[in-house]
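Hello,

Here is the structure to go with the sequence. Please look it over first; my notes come after it.

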Amino acid sequence: METIKHLNKWANAHTYYSLDIIRIILGGFIFYKGLYFMSNSLLLAHLIEPLKNYVGEVILLHYVVPAHILGGILIIFGLLTRWALIAQVPILIGAVLINILGDMHIGNLITASIALLIAVFFIFYGSGKHSADYYFKMQQ
């Protein structure tokens with residue numbers, strides 16, 4: 001708990017609008033991918049084909065879409081950002097693995113890798129000073 005408080009104090013002292021914009025873009029991207037996979041469920045089933053032997057296909061199909069949609073909204077507003085991103089990390093690792101184990105698509109691999117790196121950054125950085133988390137904390 002002390003580590004999280006220390007990270008929050010550091011992040012609030014070193015906050016910039018550009019980082020908030022990056023957080024909002026990441027949330028919007030994740031939300032968009034959730035809607036995209038919801039409307040193209042056959043594409044999602046085809047994408048997770050290389051991982052079919054490792055995890056339950058039905059569980060994976062029913063985890064990705066709600067986690068992306070709800071997580072994207074939470075990340076955009078900066079509400080429970082760390083928890084939302086922790087739920088996204090396994091999906092993003094799976095996206096990188098799909099491109100390595102399955103058909104290699106360099107564009108998708110780069111996109112998934114960048115999203116994973118930004119997500120890991122915001123897990124440590126937090127939502128920042130311009131977020132719902134900070135607003136609610138100041139209201140106490």
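**What was found**

Met104 sits in the loop that joins H5 to H6. Helices (H or I, at least four residues) and strands (E, at least two) are runs assigned by DSSP and numbered from the N terminus. The model is predicted, so local features are given only at pLDDT of at least 70 and side-chain atom pairs only at pLDDT 80 or more, while totals for chains, interfaces and linings take in all residues. Residue numbers start from 1 along each chain as its sequence is written, and side-chain values use heavy atoms, with hydrogens and water left out.

**The chain as a whole**

The protein chain has seven helices and zero strands, giving the pattern α-α-α-α-α-α-α along the sequence. Its accessible surface is about 8700 Å², and carbon and sulfur atoms make up 72% of that. Accessible areas come from the Shrake-Rupley method with a 1.4 Å probe, and for residues only the protein chains shown count as cover. Of the 140 residues, 36% are buried; buried means under 20% relative accessible area, exposed over 50%, and partly exposed in between (1.4 Å probe, protein chains only). Among contacts (heavy atoms within 4.5 Å) with a separation of 6 or more, 75% join residues 24 or more positions apart.

**The nonpolar patch**

Back to Met104: this residue belongs to a nonpolar surface patch with Ile93, Leu97, Ile100, Leu101, Ile106, Ile110 and Ile114, and together they have about 720 Å² of accessible area. The elements giving two or more residues to the patch are helix H5 (81-101) and helix H6 (106-125), and H5 contributes the most, with four. Patches are built from residues with over 30% relative accessible area and no salt bridge; like charges are joined within 9 Å, and nonpolar side chains (Val, Leu, Ile, Met, Phe, Trp, Tyr) within 5 Å. Met104 counts as partly exposed because its relative accessible area is 46%.

**Helix H2**

H2 covers residues 17-39, which is 23 residues, and spans 33 Å from first C-alpha to last, close to the 33 Å expected. The expected span is 1.5 Å times one less than the number of residues. Its buried residues are Leu19, Asp20, Arg23, Leu26, Gly27, Ile30, Gly34 and Phe37.

How many salt bridges does the structure hold? There is one, between the side chains of Asp20 and Arg23, at 3.2 Å from N to O. A salt bridge here is a side-chain nitrogen of Lys or Arg within 4 Å of a carboxyl oxygen of Asp or Glu. Side chains of opposite charge can pair when their charged atoms come close. Both partners lie in H2, three residues apart, about one turn of the helix. Asp20 is buried because its relative accessibility is 4%, and Arg23 is buried at 2%.

Gly34 is also in H2 and is buried, since its relative accessibility is 0%. Leaving aside residues up to four places away in sequence, Gly34 touches Val65, His68 and Ile69. The C-alpha atoms of Gly34 and Ile69 are 5.0 Å apart, although 35 residues separate them along the chain.

**Arg82**

Arg82 is part of H5. With a relative accessible area of 16%, Arg82 is buried. Its side chain reaches the backbone oxygen of Ile123 at 2.7 Å. This is a polar contact: N or O atoms within 3.5 Å, where within protein one must be able to donate a hydrogen and the other to accept it, and residues adjacent in sequence count only if both atoms are side-chain atoms.

Regards
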